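Have the sequence and the model open while you go through them.

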Amino acid sequence: MYLPYMMQPLIISIKLSWSKSSLIIFLFSFLLLGDHSRARITLPEGVTVPAVIAFGDSIVDQGANNNLKTMIKANFPPYGQDFPDQMPTGRFTNNKTPADMIVMSALDFIKSDDTSDVVEAGVEKYKELVVHGKKVRGKKVVSTPVQESSSRDVEGLNPEAEELGIKEILPAYLDPSIGDKEYLTGVSFASGGSGYDPQTPKIVDVLSFDDQLKQFREYIEKLKGMVGEEKTQFILENSLFLVVAGSDDLANTYFTIGIRKLEYDIPSYAGLMASSASNFIQDIYKLGARRIAVFGAPPIGCVPSQRTLGGGGLRVCAEEYNQAAQIYNSKLQRVTQYLNSTLAQSRIVYIDIYNPLLDIIENPLQYGIQVVDKGCCGTGNIEVAILCNKLLPSCSDDSKYLFWDSYHPTNKGYTILVNRVLGKYVNDFF
């Protein structure tokens, strides 16, 4: 049975659409929906982040599984009940994913008054730029809130937002409704149920990392057809890549289904996962990626479904599962450090999600959370994917819950977690 992955990925970035105006970012802030706190981040002068591109599992699956012949789907109620228009989009939560929050969070940016494209201008240190019609110099920026843009094709739906280069959500690459301009500011190739172990996606008939890599190559060719070789290279080298996986390998393939236990003990299986992650990182590097955020595994033993399956009658955190996640994280961290030191011009950064999430679980009241041992959907103990459906009652107030179903956090849970890691790693990418 499929037990999706829990909260894994998060890193900050801003998406800039390839419009007629050049966009150079010197400084930006993040506003997290559902939370009035605000973190301010200053980027190095002259930094440009034209797009965010995601690979991995259900944490950043934006709807890729909707048209696959798999049971691992979330494009039906009550998923998406707090999404705009209460639309179930295939996101494994009640509202938006961390990837969406990252896309929406940019408030401060600098817009060039030069009408040429960023690539044509190069990564120049503009001395005079325009911010919402106000001229600034150097790193000094007048901070002004930006209106939200359309979540679909940026052409025509919200001209002002299109000009600013902001979009509300990160679309799935396989979403048939997105327009060409969405490709320029990034997409997600992630597929719920996938993992680094080749057996993991096979079990549930979802997109493997090889499949996602193949789609990424197609995407690159589309970019070349739209903006040419030089601009495509610029987009790839300056975009932020999110790689989010590992939870399903451990929780499902190794512990729940157990098909790898006869071949591997926990350390050797963690080594297999880390080696596969290393190969994938090198693959996307060869295709042009340079800024790569690699997310570790969460404390999977504390996820509601894993408490049910491995936590005994009291449903405590399954410590063996958590220890496995820590062993894997240690190996993955060493891999990313090595690759970052050996791959030229790379910024490959390991993102710790284990400790921030565990702190929320152990100290929920400090974060305004009341329930951490079960999800909002159904009993909250085991329901996920097709088991979380409209035939089951949901909790009356999901803002009190850390988890939406038995594996994925609620919008509030994601928001809190984003706040915990926000700003910690940004300077490592530049």
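**Exercise 1.** Work out what links cysteine 376 and cysteine 395, and which hand the link has.

*Solution.* Start with the sulfur atoms: in this predicted model those of cysteine 376 and cysteine 395 sit 2.0 Å apart. The cut-off is 2.5 Å, so the pair counts as a disulfide. Now place the two ends. Cysteine 376 and cysteine 395 both lie in the loop between strand E11 (371-375) and strand E12 (401-403), so the bond ties together parts that are 19 residues apart in sequence.

**Exercise 2.** Find the hand of the disulfide between cysteine 377 and cysteine 388, and say whether its ends are buried or exposed.

*Solution.* The sulfur atoms are 2.2 Å apart. The torsion about the S-S bond is about 115°, so this disulfide is right-handed. Both cysteines are in the loop between E11 and E12, eleven residues apart. For burial, check accessibility: cysteine 377 has 0% and counts as buried, and cysteine 388, at 0%, is buried too.

**Exercise 3.** Which parts of the chain does the pair cysteine 302 and cysteine 317 tie together?

*Solution.* First confirm the bond: the sulfur atoms are 2.1 Å apart, a disulfide. Then locate the ends. Cysteine 302 is in the loop between strand E9 (291-295) and helix H10 (304-310), while cysteine 317 is in the loop between H10 and helix H11 (319-342), so parts 15 residues apart in sequence are joined. Cysteine 302 and cysteine 317 are both buried.

**Exercise 4.** Write the pairing pattern of the bonded cysteines.

*Solution.* The count is three disulfides. Number the bonded cysteines in sequence order, and you get 1-2, 3-6, 4-5.

Methods. Residues are numbered from 1 along each chain as its sequence is written. This is a predicted model: local features need pLDDT of at least 70, side-chain atom pairs count only at pLDDT 80 or more; totals for chains, interfaces and linings use all residues. Side-chain values use heavy atoms; hydrogens and water are left out. Helices (H or I, at least four residues) and strands (E, at least two) are DSSP runs, numbered from the N terminus. Buried means under 20% relative accessible area, exposed over 50%, partly exposed in between (1.4 Å probe, protein chains only).
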